[in-house]
Amino acid sequence: MKKESIVAHLARSWNLLDVKFKKQSLFILIGVCLNSILEIIGLAAILPIMAASLKDGFIQENKYLHLVYSYLNFSDEKMFILLLCGILFSIIIAKNGFGLLIQKIQFEFCWNVHENISARVMQKAYQKGFSFFNSNNSNKVFNDVAGIPMQFARQTLLQILQLFNEAFVLILIISSLLAYDAIILVLLAAVVLPVFLVFYSSTKKKVVEINKELNSMIPHINKPIFELAFGYVDVVIGGVIKFFKTKYTSQIREAKALRVKLLLIQNIPNRLIEICVMLAVIIIVVYGVYTIENRSSVVVLISIFGLASYRTVPSINRLMASVLSIKGQEYCLNILESFLKPSSKEDTNSLINETSAIVFKNEISIQNLDFKFEDAKKNVIENLNLKIKKGETIGLSGKSGSGKTTLMNLMLGFLQPTSGEIRIDNTVLASKNLVHWQKLIGYVRQDVFLIDGSLTENVAFGIPENEIDQGKVNQVIQKAQLGAVVKELEGGLQGQIGERGNKLSGGQRQRVGIARALYHGAEVLFFDEATSALDTETEEEITQSIRHLQNEKITMVIIAHRPSTLRYCDKIYEVSKTGLIER
């Protein structure tokens with residue numbers, strides 16, 4: 001793995017931001033810088049109070065304090081010190097108030113970036129197409145879309161802002177100490193810097209590896225939960241809950257060990273700082289004893305560095321934690337960049353899709369079609385030719401593995417031909433018009449995807465509730481012969497159908513799929529083994545629904561094993577690896 005500096009990580013993170021967030025981040029950094037200056041002012045304001053309290057006559061000796069003391073006509077130094085304490089307290093309140101405001105702005109910025117990047121990754125994942133979702137575990141996709149952007153916002157972006165804040169504070173404190181006594185600062189740097197450089201160089205790779213391993217485990221941790229939720233009946237009947245519980249807890253246990261190790265590494269700097277500070281104090285005492293004759297000056301020196309340590313110790317700790325966190329999230333940058341690179345193929349396709357239309361008036365024509373999967377040696381479909389007239393109902397049958405579903409996926413636009421072409425009228429189906437073609441089609445598969453919502457929400461799938469055309473819903477409900485379901489369902493059209501439609505029968509779910517396609521204006525309906533899991537009576541209901549749709553002059557392509565499902569088709573073809581045979 002190529003080693004990258006923290007600067008390279010900052011540059012990569014910067015490149016992931018949209019232009020508007022880049023502009024916002026610059027204003028936030030200005031705010032962070034102002035906050036750091038206020039931190040130093042608040043810290044420095046303590047010094048004159050300490051000096052005035054510890055040393056008699058200090059107010060008279062200091063020309064600035066003496067000027068204020070005289071201008072305000074003070075006659076009692078104790079009262080003047082009380083005034084300074086009041087001013088100091090006001091500065092601290094103002095400083096912390098401004099600090100909270102800056103933190104609020106930072107938090108909002110980071111979560112706005114999370115929202116933006118997560119939405120962009122979701123869009124890019126969608127644009128990767130059917131093959132991407134078909135070849136990737138759903139838990140991994142979920143983690144890439146939701147989990148990784150959250151990690152980036154929380155563990156990278158927020159830590160970068162904290163890094164800049166603490167760096168500004170340290171630079172100001174170090175500059176002040178350098179102006180006060182350069183020799184002692186060099187001595188302190190000689191003690192502190194080597195310790196932290198050794199710690200950072202020895203742990204940064206380990207932190208990166210642990211974070212990467214934890215991220216790879218997240219889909220595996222979630223997997224048994226998803227399997228238990230969706231396969232509950234089979235788990236109960238099989239009495240195999242112990243297997244899923246063991247599978248889940250073993251992953252949790254493995255992740256626990258890694259998280260403990262990570263937290264331990266992240267907390268080591270705090271302990272190192274304490275050791276270094278004590279060593280630094282000893283150095284200051286020794287330095288003062290041997291080089292400064294006035295003991296009160298030694299006390300002042302120790303007080304100054306003690307006060308500086310009060311602020312620098314947490315800063316160094318947070319700085320180290322931020323650097324380790326940023327380095328540890330390298331895997332996040334790799335994953336996000338794999339989706340968000342601006343020159344990706346998906347970007348080009350999406351732009352074309354928005355501008356190229358397609359119209360279906362006469363026929364779908366498949367000419368000399370060949371298709372082979374990327375990792376396959378032989379074609380699944382070879383030299384296939386087919387014409388489907390508008391309004392026709394075509395049946396496809398054949399043995400398992402003959403290529404029926406692959407042919408349908410090609411017509412749906414989910415897959416691209418290896419050679420040959422699919423024409424809609426005289427227009428070749430391609431990436432430039434794919435979106436418009438898919439607006440004209442509907443797809444009813446064996447396991448219709450239903451959301452946990454009302455019947456209306458499932459029919460008008462993806463339409464905001466306030467934009468649903470209720471009259472249109474009523475029309476397609478009747479066309480899909482779902483009137484009886486509406487009467488049976490508590491709440492009617494607004495009745496909840498349960499997760500994945502568990503309150504409906506198999507045939508009812510298929511008809512919801514038909515109604516959905518009709519609501520979205522489908523001119524061509526594809527049925528992929530829609531009745532294979534249904535009993536004979538329910539299959540007959542779906543078949544009658546298909547026959548009813550023929551009266552609507554809707555073009556249909558139906559894949560089925562049962563001849564009874566295809567009995568109302570205008571033409572039936574048997575699909576084989578050598579082509580189509582009309583029956």
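Predicted model: local features only at pLDDT ≥ 70, side-chain atom pairs only at ≥ 80, totals over all residues.

Trainee: How many salt bridges does a search of the whole structure find?

Mentor: The search finds nine. In one of them, the side chains of Glu 39 and Lys 95 meet at 3.5 Å, N to O. Glu 39 lies in helix H2 (residues 19-44) and Lys 95 in helix H6 (residues 77-127), so this pair ties together parts that are 56 residues apart in sequence.

Trainee: Are Glu 39 and Lys 95 buried or exposed?

Mentor: Both Glu 39 and Lys 95 are buried.

Trainee: And what about Glu 108 and Lys 104, where do they lie?

Mentor: Both lie in helix H6, four residues apart, which is about one turn of the helix, and their side chains meet in a salt bridge at 2.7 Å, N to O. Glu 108 is partly exposed, with a relative accessible area of 41%, and Lys 104 also counts as partly exposed, at 47%.

Trainee: Which residue does Lys 571 form a salt bridge with?

Mentor: Its partner is Glu 392, with the closest N and O atoms 3.7 Å apart. Lys 571 lies in strand S9 and Glu 392 in the loop between strands S2 and S3, so the pair ties together parts that are 179 residues apart in sequence.

Trainee: Changing topic, which residues make the nonpolar surface patch?

Mentor: Leu 279, Val 281, Ile 282, Val 285, Val 286, Val 289 and Tyr 290 make a patch of about 620 Å². Tyr 290 lies in helix H11 (residues 241-291).

Trainee: Why does Tyr 290 count as exposed?

Mentor: Because its relative accessibility is 71%, and exposed means over 50%.

Technical notes. Residues numbered from 1 in each chain as written. Heavy atoms only, no water. Patch = residues over 30% accessible without salt bridge, like charges linked within 9 Å, V, L, I, M, F, W, Y side chains within 5 Å. Areas by Shrake-Rupley, 256 points an atom, 1.4 Å probe, with all protein chains shown as cover. Salt bridge = Lys/Arg side-chain N within 4 Å of Asp/Glu carboxyl O. Helix = DSSP H or I, 4+ residues; strand = E, 2+ residues; numbered from the N terminus. Buried < 20%, exposed > 50% of the residue type's maximum accessible area, 1.4 Å probe, protein only.
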